[in-house]
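The sequence and the structure come first, and the description follows.

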Amino acid sequence: MEATSETESGDDWLAGSMIEFGGEISERVDLPLEGIEFGADDVNVA
Amino acid sequence: MTPPRVTFNDEEMTLTLTGIGAGWTFEQLGELRLFDEAQVQFPSNWDEFQIGVATQVVQSNWRLRSTTFLEQSLQAGISYSLADGGSGQMSADTQLIEHLLRRPLISMDGIFTIKLNGEASAQGFSGDFYIGLGIRGQF
């Protein structure tokens, strides 16, 4: 079935409907980290 | 003393989202604070520091990339159950995917399986980010 958001008659087939989908994605990332101190002395937090 | 770097080797964490509230759209899920909203299962051998680093990596990448993850998953195919009882599977064109992402939901559940493979240090995290998504939405 190839669907669009509405049927040809204009009915909203999605109202009351449930959809399920899923997938697997793997990608290379380079992300900055904020507020994390590497190689720091432990700090006691009151 | 916290370590100068942390290595991740494809350990798996699982985030389970249940009953995200009415009015949300799939497109807005990038704004979700995953670790506040989800039931999270971290690898049992991680310490608090590793958990803190992984949490930030996952939340940052989710905020940046969630719409792409959802679009790609929707492109792979959709199972549906209609209000009149009909059900099946379908492929969605770009227009429908856009509509599905922006239409308010009655509720949403999801299970995310996430693995990191790489190294985190003061320079940031560099490595592979894997996410497996399983999502159900009620309109």
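## A residue to start from

Leaving aside residues up to four places away in sequence, B:I114 touches B:M13, B:L15, B:V58, B:Y130 and B:I131. The model in which these contacts are found is a predicted one.

B:I114 also belongs to the largest nonpolar core, where it is among the residues with the most contacts inside that core. Two of the residues it touches, B:V58 and B:I131, are listed there as well.

## The nonpolar core

How many residues does the largest nonpolar core have? It has 33, and those with the most contacts inside it are B:A54, B:V57, B:V58, B:L74, B:I78, B:I114 and B:I131. The elements that each supply at least two residues of this core come from both chains: β2 of chain A, and β1 (5-20), α2, β3, α3, β5 and β6 of chain B. Helix α2(B) gives the largest share, eight residues.

In soluble globular proteins, nonpolar side chains tend to be buried together.

## Chain B as a whole

Chain B contains three helices and six strands. Along the sequence these follow the order β-α-β-α-β-β-α-β-β. The C-alpha trace of the chain spans about 60 × 25 × 20 Å along its principal axes.

Of the 139 residues in chain B, 26% are buried. Among the contacts in chain B with a separation of 6 or more, 70% are between residues 24 or more positions apart.

## Where the chains meet

In the contact between the two chains, 51 residues of chain B meet 33 residues of chain A. On the chain B side, two or more residues come from each of α2 (48-75), β3 (78-81), β4 (87-92), α3 (94-102), β5 (107-121) and β6 (124-138). The largest share of that side is from β6(B), with 15 residues. By type, the residues on the chain B side that touches chain A are 24 nonpolar, 22 polar and five charged.

## Strand pairing across the chains

Methods: Residues numbered from 1 in each chain as written. Chains lettered and ligands numbered in written order. Predicted model: local features only at pLDDT ≥ 70, side-chain atom pairs only at ≥ 80, totals over all residues. Contact = placed C-beta atoms within 7 Å. Helix = DSSP H or I, 4+ residues; strand = E, 2+ residues; numbered from the N terminus. Nonpolar A, V, L, I, M, F, W, Y, C, P; charged D, E, K, R; others polar. Buried ≥ 20, exposed ≤ 12 C-beta atoms within 10 Å, placed from the backbone. Core = buried A, V, L, I, M, F, W, Y, C linked by C-beta atoms within 7 Å.
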